[in-house]
Amino acid sequence: MRIAARSLLFSAPLLALALAACAPAPIYKNTANTLAATPAQVAQSPERYTGNSLVWGGRVVAVSNLADHSEIELLAYPLDSSQRPKANDTGNGRFIAVMPGYVEPLSYPPGALMTLSGTLNGSRSGKVGEASYVFPLVTVNESHVWTAEEMCKGHSNVHFGVGLGVGIR
């Protein structure tokens, strides 16, 4: 009995460490002035946050290509420890990612999950449907569109729970 308890005592931390090691590392480094506010919070007083660096992510809503830059509208989601958007969470507002030059809309399809690093560069009033909306503007330094495989990495397929089974004959 003592051997089994001792074995369990030592194997539990090793198992936790092994599972944590499977999670991908964050793709962007946070700096001292990395913004912790959400797009919804920034939209309330954008001038307060302008110039701060940030790492935000979300779901692509639309892509617009203009004469000298492109804009990607995103519905923001909180990020996990690997900076992947938690799309099953509630949205944290919308923002516009401003990218230099032309971006291929097929590379940023509606519904795709994306994480980016950049600098907050003011805001713009617009509309979501018929509702007025303030969009924070982010000048993008780097961006990453997540694949389905990347979104699953580091998530355990083992689940524990209590349930009731019903058989059909």
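Modeller: The largest pocket holds about 230 Å³ of space, where a volume is the space filled by probe spheres set on grid points that are joined across faces, edges and corners. A pocket here is an open set of points on a 1 Å grid over the protein atoms alone, where a 1.4 Å probe fits, with protein on both sides within 12 Å along at least five of seven lines; lining residues have an atom within 4 Å of a point. The lining has 16 residues, and the closest to the centre are Leu35, Ala36, Val55, Trp56 and Leu79. By type, the lining divides into 10 nonpolar residues, 6 polar and no charged. Nonpolar covers Ala, Val, Leu, Ile, Met, Phe, Trp, Tyr, Cys and Pro; charged covers Asp, Glu, Lys and Arg; the others, Gly among them, are polar.

This is a predicted model: local features need pLDDT of at least 70, side-chain atom pairs count only at pLDDT 80 or more, and totals for chains, interfaces and linings use all residues. Residues are numbered from 1 along each chain as its sequence is written, and side-chain values use heavy atoms, with hydrogens and water left out.

Strands β1 and β2 each supply at least two lining residues, and β1 gives the most, with 3. Strands are DSSP runs (E, at least two residues), numbered from the N terminus. Strand β1 spans residues 53-65 and pairs with β4, residues 113-128, in the antiparallel sense over 7 bridges; two strands pair if DSSP finds at least two bridges between them. Val55, one of the residues closest to the pocket centre, has Ser117 in β4 as its bridge partner. Both strands belong to a closed barrel of 5 strands with mixed pairing, in the order β1-β2-β3-β5-β4.

A salt bridge is a side-chain nitrogen of Lys or Arg within 4 Å of a carboxyl oxygen of Asp or Glu, and the structure holds 3. In one of them, Arg124 meets Glu71, with the closest N and O atoms 2.6 Å apart. Arg124 lies in β4 and Glu71 in β2, so the pair ties together parts that are 53 residues apart in sequence. Arg124 is partly exposed at 34% relative accessible area, whereas Glu71 is buried at 10% (buried is under 20%, exposed over 50%, partly exposed in between, with a 1.4 Å probe and protein chains only). Glu73 and Arg94 form another salt bridge, at 2.6 Å from N to O. Glu73 lies in β2 and Arg94 in β3, so this pair joins parts 21 residues apart in sequence.

Notes:
Helices (H or I, at least four residues) and strands (E, at least two) are DSSP runs, numbered from the N terminus.
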